[in-house]
Amino acid sequence: MRKYILIFIGVMIFGDISGQFTPGQMLYNGHFYLGSNKNHTEGSNLFGETKSSSEVFAFDIGVTAGVFITKNFMLGVTGNYYSYSQQNEFENEQPEGISTDIRETTIQTFGIGIEARRYFTLTEKAFFILQGQGSYSYNIQKTDNRSIVDPFDASPDISNQISESTSNAFNLSIRPGLAFALSSNLFLEAFFGRFSYNQRLSKSETNSETSKTNSSGFYASFSSIDLLIGLSVVF
């Protein structure tokens, strides 16, 4: 594994590939992601109707500032903010009444890191990008589980469980992307998918009970949530 990482770094830095990015040029980039999804289904069981719904909203914004230290190879710093929320609700009609389960989850992430980019010329105005990044992030996750039993002949019974966790994560990732020149200094960029390794230290609290976990693993994805679109200014 170490051998392949060293080969990859060598190709990024020393590969002899033509292009218009020259040493000393500065790059400033901003990217964003915005996504939402809603689902609603209705059905029935032996006693009556069932309903379920799901709502998801995700937002990511980040900035990068760097300098080209060799032709087509940039080194810089980056930061980002990520927000995610999801609500799932399931309603089930029973002989004694209606039961409803609601789960709400919110996630906030603040990250900072070091970024390296290698631009490969495809045409005069199009480039393929390999982006490598090492980053640290602080994450906050809150989950609210509610169970509501509403009998037909009595008052509702509501139970609630709230959990909150914080984590410190260290991440190494590689993203492929494309850049298109809108002018001599302005570029539209899109990164699709990622390969990453993550080390996470977490602390969780559920109803006054505290636990700590240490996890790590490799991750690969080409889903829409990993699509980042942004603009770069080079001068």
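N72 sits in the loop that joins β2 and β3, where helices (H or I, at least four residues) and strands (E, at least two) are DSSP runs numbered from the N terminus. The phi angle of N72 is near 70°, a positive value in a residue other than glycine. With a relative accessibility of 0%, N72 counts as buried, the classes being buried for under 20% relative accessible area, exposed for over 50% and partly exposed in between, with a 1.4 Å probe and protein chains only.

The structure is a predicted model, in which local features need pLDDT of at least 70 and side-chain atom pairs count only at pLDDT 80 or more, while totals for chains, interfaces and linings use all residues. Residues are numbered from 1 along each chain as its sequence is written, and side-chain values use heavy atoms, with hydrogens and water left out.

**Overall form**

Taken along the principal axes, the C-alpha atoms fill a box of roughly 80 × 35 × 30 Å.

Of the 235 residues in the protein chain, 31% are buried. Among contacts with a separation of 6 or more, 67% join residues 24 or more positions apart, a contact meaning heavy atoms within 4.5 Å. The protein chain exposes about 14000 Å², of which carbon and sulfur atoms supply 60%; accessible areas come from the Shrake-Rupley method with a 1.4 Å probe, and for residues only the protein chains shown count as cover.

The protein chain carries 16 positive and 22 negative side chains, and the centres of the two sets lie 19 Å apart. In this count Lys and Arg are positive and Asp and Glu negative, with His and the chain ends not counted, and the place of a charge is taken as NZ of Lys, CZ of Arg, CG of Asp or CD of Glu.

**The nonpolar core**

The largest nonpolar core has 17 residues, of which F21, L27, F68, Y119, F127, F187 and V234 touch the most other members. The elements that give two or more residues to this core are β1 (26-44), β2 (49-70), β3 (73-94), β5 (126-151), β6 (157-181), β7 (186-192) and β10 (227-234). Strand β3 gives the most, with three residues. Such a core is a set of buried Ala, Val, Leu, Ile, Met, Phe, Trp, Tyr and Cys residues joined through side-chain atoms within 4.5 Å.

**Individual positions**

The following residues are described by their place and their contacts, and the table lists C-alpha separations for four of them.

In strand β8 (residues 194-206) lies S202, which counts as buried at 16% relative accessibility. Leaving aside neighbours within four places in sequence, S202 is in contact with T166, S167, S211, K212 and T213. E205 also lies in strand β8, but E205 counts as partly exposed at 42% relative accessibility; not counting residues up to four places away in sequence, E205 touches I162, S163, E164 and T210.

L188 belongs to strand β7 and is partly exposed, at 35% relative accessibility. Not counting residues up to four places away in sequence, L188 touches L178, A179, F180, L182, I229, G230 and L231.

I98 is placed in strand β4 (residues 97-121), and with 26% relative accessibility I98 counts as partly exposed. The contacts of I98, not counting residues up to four places away in sequence, are with E91, N92, E93, I148, V149, D150 and F152.

F47 is found in the loop between β1 and β2 and is partly exposed, with a relative accessible area of 46%. Not counting residues up to four places away in sequence, F47 touches E93, Q94 and P95.

| Pair | Separation in sequence | C-alpha to C-alpha distance |
|---|---|---|
| L188 and A126 | 62 residues | 9.7 Å |
| F47 and R103 | 56 residues | 24 Å |
| E205 and S99 | 106 residues | 27 Å |
| I98 and A58 | 40 residues | 31 Å |
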